[in-house]
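Reader: I have a multi-chain model open and would like to talk through how the chains meet. Could you take me through the interfaces?

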6 protein chains.
Amino acid sequence: MPRHDGRSVSQLRPLKVKRKYTKNAPGSVLIQAGTTTVLCTASVESSVPPWLKGSEKGWVTAEYNMLPGSTPTRKARKVDGRTTEIQRLIGRSLRAVVDLEALGEQMITVDCDVLDADGGTRTASITGAFIALVDAVSTIELPDPKRSVFKDSLAAISVGIVNGSPVLDLDYVEDFAATVDMNVVMTGSGKFIEIQGTGEEATFSEDELSKLLKLAKGGIMELTEMQQKALGRKWPLVS
Amino acid sequence: MPRHDGRSVSQLRPLKVKRKYTKNAPGSVLIQAGTTTVLCTASVESSVPPWLKGSEKGWVTAEYNMLPGSTPTRKARKVDGRTTEIQRLIGRSLRAVVDLEALGEQMITVDCDVLDADGGTRTASITGAFIALVDAVSTIELPDPKRSVFKDSLAAISVGIVNGSPVLDLDYVEDFAATVDMNVVMTGSGKFIEIQGTGEEATFSEDELSKLLKLAKGGIMELTEMQQKALGRKWPLVS
Amino acid sequence: MPRHDGRSVSQLRPLKVKRKYTKNAPGSVLIQAGTTTVLCTASVESSVPPWLKGSEKGWVTAEYNMLPGSTPTRKARKVDGRTTEIQRLIGRSLRAVVDLEALGEQMITVDCDVLDADGGTRTASITGAFIALVDAVSTIELPDPKRSVFKDSLAAISVGIVNGSPVLDLDYVEDFAATVDMNVVMTGSGKFIEIQGTGEEATFSEDELSKLLKLAKGGIMELTEMQQKALGRKWPLVS
Amino acid sequence: MPRHDGRSVSQLRPLKVKRKYTKNAPGSVLIQAGTTTVLCTASVESSVPPWLKGSEKGWVTAEYNMLPGSTPTRKARKVDGRTTEIQRLIGRSLRAVVDLEALGEQMITVDCDVLDADGGTRTASITGAFIALVDAVSTIELPDPKRSVFKDSLAAISVGIVNGSPVLDLDYVEDFAATVDMNVVMTGSGKFIEIQGTGEEATFSEDELSKLLKLAKGGIMELTEMQQKALGRKWPLVS
Amino acid sequence: MPRHDGRSVSQLRPLKVKRKYTKNAPGSVLIQAGTTTVLCTASVESSVPPWLKGSEKGWVTAEYNMLPGSTPTRKARKVDGRTTEIQRLIGRSLRAVVDLEALGEQMITVDCDVLDADGGTRTASITGAFIALVDAVSTIELPDPKRSVFKDSLAAISVGIVNGSPVLDLDYVEDFAATVDMNVVMTGSGKFIEIQGTGEEATFSEDELSKLLKLAKGGIMELTEMQQKALGRKWPLVS
Amino acid sequence: MPRHDGRSVSQLRPLKVKRKYTKNAPGSVLIQAGTTTVLCTASVESSVPPWLKGSEKGWVTAEYNMLPGSTPTRKARKVDGRTTEIQRLIGRSLRAVVDLEALGEQMITVDCDVLDADGGTRTASITGAFIALVDAVSTIELPDPKRSVFKDSLAAISVGIVNGSPVLDLDYVEDFAATVDMNVVMTGSGKFIEIQGTGEEATFSEDELSKLLKLAKGGIMELTEMQQKALGRKWPLVS
């Protein structure tokens with residue numbers, strides 16, 4: 001059974017990444033997956049949260065927001081439960097690949113503002129946020145310039161069960177129809193950072209779980225290649 | 001390597017459930033897993049959220065809260081990101097086993113208030129909330145008394161990797177030390193409803209994931225038996 | 001004219017007190033007056049409010065909250081005018097019997113969370129809070145261990161005029177019907193700390209006031225005996 | 001022992017009342033007790049709170065606020081616990097003398113804004129609010145013009161124990177020094193509506209209570225005469 | 001075409017100013033322009049905003065508020081967009097004539113509370129706030145008593161186009177009917193500080209702008225004379 | 001004296017406009033003036049604010065927001081006084097050229113989100129918002145398709161006095177240095193809609209005002225041509 005936009009079950013949507021999209025933020029990435037468009041900016045502050053004062057460790061955090069015009073029906077500006085959940089996920093995921101001691105006592109906030117939404121905004125945010133973070137880190141002074149800030153790279157993708165079939169990278173129409181929805185965050189070297197799988201008023205079996213995770217892994221590998229290509233010489237990892 | 005409290009890796013903490021713990025709420029369950037103590041009350045309202053008005057479908061939602069005295073250091077009363085994330089999880093999980101049409105146009109809110117916290121408060125909340133929900137449903141009038149409101153039963157447990165070993169039902173000390181933390185919500189018939197696995201500034205492999213899910217499944221089966229025993233004749237499912 | 005539950009006009013509801021009800025808080029008391037059930041936990045913090053910094057004086061404060069499931073109709077979580085009024089009353093009452101200098105520069109917060117509500121929740125909170133406060137104080141280090149923190153003991157009860165008769169310890173049904181509602185906070189030695197008497201769209205005479213205060217005094221004496229019994233060797237006062 | 005401003009223990013501060021102080025509000029009274037100055041305006045709305053819709057009963061409510069410049073040190077604009085407590089007291093007191101059915105289904109809000117504060121702002125507010133309420137009621141259409149809206153008149157005064165002596169109508173200096181502080185709301189016919197007595201880190205005996213109430217009663221009688229004089233032909237009560 | 005209240009197009013409403021209107025605030029001015037009545041109090045604090053700490057410069061800020069009873073229909077207490085806009089305007093205007101270094105490191109807040117509103121409340125606030133500010137400054141210690149805090153005086157007035165004609169000092173009826181509404185803040189020496197002109201669902205030409213500014217200038221000159229007369233020997237400027 | 005970026009005093013920054021920048025919103029315009037970049041989206045809702053229900057008139061409103069990464073130092077997400085002031089200005093300006101009756105009973109909200117900020121964000125927002133509004137209006141059904149919704153076109157620009165000289169279209173560096181800052185909103189036919197001129201701790205003369213307005217007028221004419229070119233056949237006005 002073909003997908004409504006003609007993709008195969010394991011096919012990503014057309015992907016575009018534009019670095020240095022805006023000028024004021026030290027890291028600024030526009031990432032597009034099909035219609036879904038997210039602006040990820042990374043800003044640096046010299047002060048860290050209170051509980052890290054004097055620790056010589058840094059911090060990485062994230063905020064996520066959908067612009068009112070990003071959805072067909074205007075979305076009121078407010079921070080709801082979904083929003084806080086997603087920004088906690090993005091921050092936690094980024095910290096999983098960052099050596100906070102190597103960063104020194106400074107804080108980087110990655111803001112993911114969705115300009116156009118068509119499903120998969122949180123995973124596009126994570127994938128773009130990693131690139132913006134690398135760019136921002138490249139502009140700051142580190143305690144030990146030889147110590148790498150990044151332990152691994154990081155990307156994220158959604159998978160789900162639509163019309164009974166596991167598929168990769170759901171757009172809004174598929175997301176709405178899915179009985180199981182799963183977001184997977186993985187490192188470039190193939191380790192899990194986060195799995196969030198939810199039956200939408202439905203359940204799923206171990207076998208379905210296996211198929212979904214396999215699809216996700218394939219998608220993450222493609223996204224990692226794209227990230228490496230976009231960053232070029234700035235790619236922070238020894239391959 | 002033994003666990004700090006002497007349990008085996010696949011052993012649950014001592015579990016107690018007390019139904020009708022308070023008198024005013026139609027469903028009221030005190031659930032204890034070791035020191036962790038949660039009061040789950042289920043209240044019924046005749047009006048549903050606006051988007052369901054006139055739909056002849058009901059709604060189930062949840063709120064989660066830790067009392068200030070539930071932790072060794074007093075916890076200020078406020079709804080933070082973690083709180084909203086957990087209450088969304090509880091509500092979504094409950095709805096996965098409820099036939100909202102069978103409920104008719106009425107709303108049930110399950111409040112999970114943590115009286116004493118020692119790890120695993122969100123999973124104890126879900127396991128207790130199911131029992132409180134069954135009790136509350138038994139007090140209300142349904143559109144079709146022959147149609148079952150419940151499609152399955154529901155329980156939840158945490159698993160994690162502590163000192164390199166996968167273990168079941170982490171208490172606070174283990175939770176703090178864990179490199180991977182996973183909450184699993186399953187039906188009594190062994191289907192997944194929700195998997196939330198997080199590497200805490202760490203990652204995990206597919207093999208570790210498999211071991212964790214196996215431990216979780218065993219725990220859920222024990223919890224389901226306990227729920228069935230607690231509810232006795234009110235157990236809503238044909239075994 | 002008999003009361004709806006068969007009590008005499010000067011009879012308290014059945015009273016139960018359980019110390020060390022939860023494990024994490026240094027003071028933890030479950031107090032029940034009939035159906036009304038309040039969990040009072042006392043937590044200690046080493047820092048005091050700004051205006052006491054450096055004063056070598058401590059502080060005692062209180063918070064009051066009704067759990068959503070504590071009432072027959074679910075009560076939404078929010079801090080309304082009634083809530084702040086009651087928590088100010090509890091804190092003020094506790095401070096009236098505490099020697100804040102003897103406490104040293106530390107703060108104790110007593111949280112009174114109503115698990116089941118059937119009238120008299122604020123007075124049960126005060127009576128239980130005193131016991132939790134004594135327990136918490138017994139766990140902390142004091143500047144001068146020989147100086148008593150407590151100048152007196154403290155209990156509270158409601159009285160009111162129902163069907164024209166002054167009665168003691170109103171439950172919800174009586175509270176609703178009462179034309180005059182009065183809460184009295186007294187020390188164990190029989191002094192007033194607080195009197196709050198309100199005509200509910202009604203007024204009352206000096207004679208009625210006298211009768212109400214006499215009933216209250218009798219109730220407070222019984223409550224004081226119960227507190228002394230519950231605390232046993234921890235009773236902080238020379239009798 | 002004489003009072004710091006030369007008054008006898010039972011003497012009120014100089015009192016001024018000015019009706020129609022502002023033009024837009026249907027009731028507008030400036031009341032001054034010594035330096036304490038409160039502007040009481042009464043506004044009428046045709047809609048009542050939701051729970052009274054269709055009941056053919058009206059509602060009277062109050063708001064209380066201290067202007068930032070009313071105190072020697074600027075008071076930030078915010079609604080704190082003390083504020084909500086006072087506005088609940090004012091509203092409750094006014095409703096005790098109003099026949100809400102005679103008012104018909106309309107709502108009157110009395111706003112008490114303190115322009116200058118020197119103790120006794122809540123009692124001056126109540127005394128002034130009654131006059132503003134009478135003026136506002138005289139401008140509206142009633143369901144039955146022959147039925148009186150007012151069951152009685154209403155005034156309030158503070159008493160307290162200062163330097164060991166019971167005194168009437170405390171100013172700020174006395175209020176600060178008082179060990180017992182009591183606000184009494186009474187009808188013109190000498191019935192209690194509200195008694196709020198508080199030991200400020202102190203207690204008080206039954207004998208002291210009696211003396212305080214006697215002082216209050218004398219003060220209320222003087223205030224009632226002043227109100228009657230101020231309202232002249234508008235005094236709503238048959239004497 | 002005559003104005004509805006008989007004034008000529010360039011005529012101000014009757015103006016009254018009363019200094020030392022309340023006792024607690026160091027500056028306290030009641031200003032009335034026709035029915036519009038504003039209480040302007042100026043309070044002094046020894047601490048400045050964070051960004052001025054250690055700068056040896058002071059700060060002047062303002063708050064604006066309409067009392068609920070100031071309008072024919074009760075105005076709910078809340079800080080809306082219009083309110084913040086006006087208080088920013090008042091603060092900015094006052095700072096334009098104050099030498100913040102001459103003030104030394106202290107802060108003055110001018111609170112403008114509207115007691116009765118009939119159009120022109122923001123301009124009356126500015127005109128009155130200047131007088132209250134002068135009074136407050138005269139009570140404080142300055143770093144260099146010979147250096148003047150005031151560079152100029154300050155007043156404000158509204159102008160607008162009503163029924164096609166430019167007019168001065170609009171009351172509410174005219175404000176409501178105006179197609180163009182302009183507030184002008186000027187110094188006593190005839191320089192602009194602020195011009196805010198708005199077409200209300202309408203536009204205006206350069207010629208109309210010229211006429212409006214001329215009217216405003218005339219009004220400001222009259223207001224400046226009144227301020228000078230009110231302040232008498234305290235007038236801070238060499239004429 | 002040349003400007004720091006080499007422009008003449010009457011020269012606009014390089015201007016770019018991109019229509020249909022995002023896909024979900026019916027109007028979506030990216031406008032760039034030098035580095036300043038604003039995304040203006042216009043969304044349509046079928047319901048109007050309460051006070052227009054049943055009036056057969058529509059409503060146009062605006063929201064303004066700076067993304068956290070739009071400034072060199074990260075700007076926290078919050079709605080402050082400046083933000084509300086600007087969004088009120090944008091909404092008021094748009095309504096000045098819209099025939100709300102021709103729109104019928106529907107509401108359009110234009111969201112102006114600043115992606116990159118370098119001075120002049122509010123005026124760029126207005127200029128871009130007009131284009132987005134025209135695009136959104138072209139997608140909706142109107143009560144009378146022959147009646148034009150637009151009475152005129154609309155653009156805005158800043159002028160100011162920098163180093164003693166009046167200049168057009170200030171960037172951030174100039175804005176910071178300016179002693180007078182003025183925003184001018186005009187119609188395409190050369191009428192004023194709004195003038196907001198502010199002396200920044202400074203004042204300005206009538207002569208300076210004239211020069212500033214002349215510069216603004218020239219800028220607005222250029223912007224109007226650019227808008228007409230961008231909209232092409234959609235330009236809603238008969239020239």
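Reader: How many salt bridges does the rule find across the interface of chain A and chain B?
Author: This is a predicted model, where local features need pLDDT of at least 70, side-chain atom pairs count only at pLDDT 80 or more, and totals for chains, interfaces and linings use all residues. Residues are numbered from 1 along each chain as its sequence is written, chains are lettered from A and ligands numbered from 1 in the order in which they are written, and side-chain values use heavy atoms, leaving out hydrogens and water. A salt bridge here is a side-chain nitrogen of Lys or Arg within 4 Å of a carboxyl oxygen of Asp or Glu. By that rule, the interface of chain A and chain B has 4.

Reader: Which residue of chain B meets Glu206(A) in a salt bridge?
Author: Look at the two side chains, which come to 2.8 Å, N to O. The partner of Glu206(A) is Lys217(B).

Reader: Which elements of chain A each supply at least two residues of the side that touches chain B?
Author: Elements are DSSP runs numbered from the N terminus: helices are H or I with at least four residues, strands are E with at least two. On that basis, the elements of chain A are α1 (81-96), β9 (192-199) and α5 (206-231).

Reader: And how do the residues on that side of chain A divide by class?
Author: Ala, Val, Leu, Ile, Met, Phe, Trp, Tyr, Cys and Pro count as nonpolar, Asp, Glu, Lys and Arg as charged, and the others, Gly among them, as polar. The side of chain A that touches chain B then has 10 nonpolar, 9 polar and 11 charged.

Reader: What about strands: do β9(A) and β9 of chain B run parallel or antiparallel?
Author: Two strands pair if DSSP finds at least two bridges between them, and here 5 bridges join β9(A) to β9 (residues 192-199) of chain B. Within this pairing, Glu194(A) stands opposite Thr198(B). The two strands run antiparallel.

Reader: Which three residues supply 23% of the area that chain A buries against chain B?
Author: Buried area is the accessible area (1.4 Å probe) that two parts lose on being put together, summed over both. Chain A and chain B bury about 2,700 Å² between them, 52% of it on carbon and sulfur atoms. Supplying more than any other three residues of chain A are Glu85(A), Phe192(A) and Glu201(A).

Reader: Now chains D and E: what rotation superposes one on the other?
Author: Copies are superposed by least squares on the C-alpha atoms of residues with pLDDT of at least 70 in both. For chain D on chain E the RMSD is 0.0 Å, with 0.0 Å of shift along the axis. That is the relation of a two-fold axis, and the rotation is 180°.

Reader: How many salt bridges does the rule find between chain D and chain E?
Author: One of them joins the side chains of Asp111(D) and Arg74(E) at 2.6 Å, N to O. Across the whole interface of chain D and chain E, the count is 10.

Reader: Which element gives the largest share of the side of chain D that touches chain E?
Author: Contact means heavy atoms within 4.5 Å, and 28 residues of chain D are in contact with 28 residues of chain E. With 6 residues, the largest share of chain D's side comes from β5(D).

Reader: How far apart are the nearest C-alpha atoms of chain A and chain E?
Author: These two chains do not touch. Their nearest C-alpha atoms lie apart by 16 Å.
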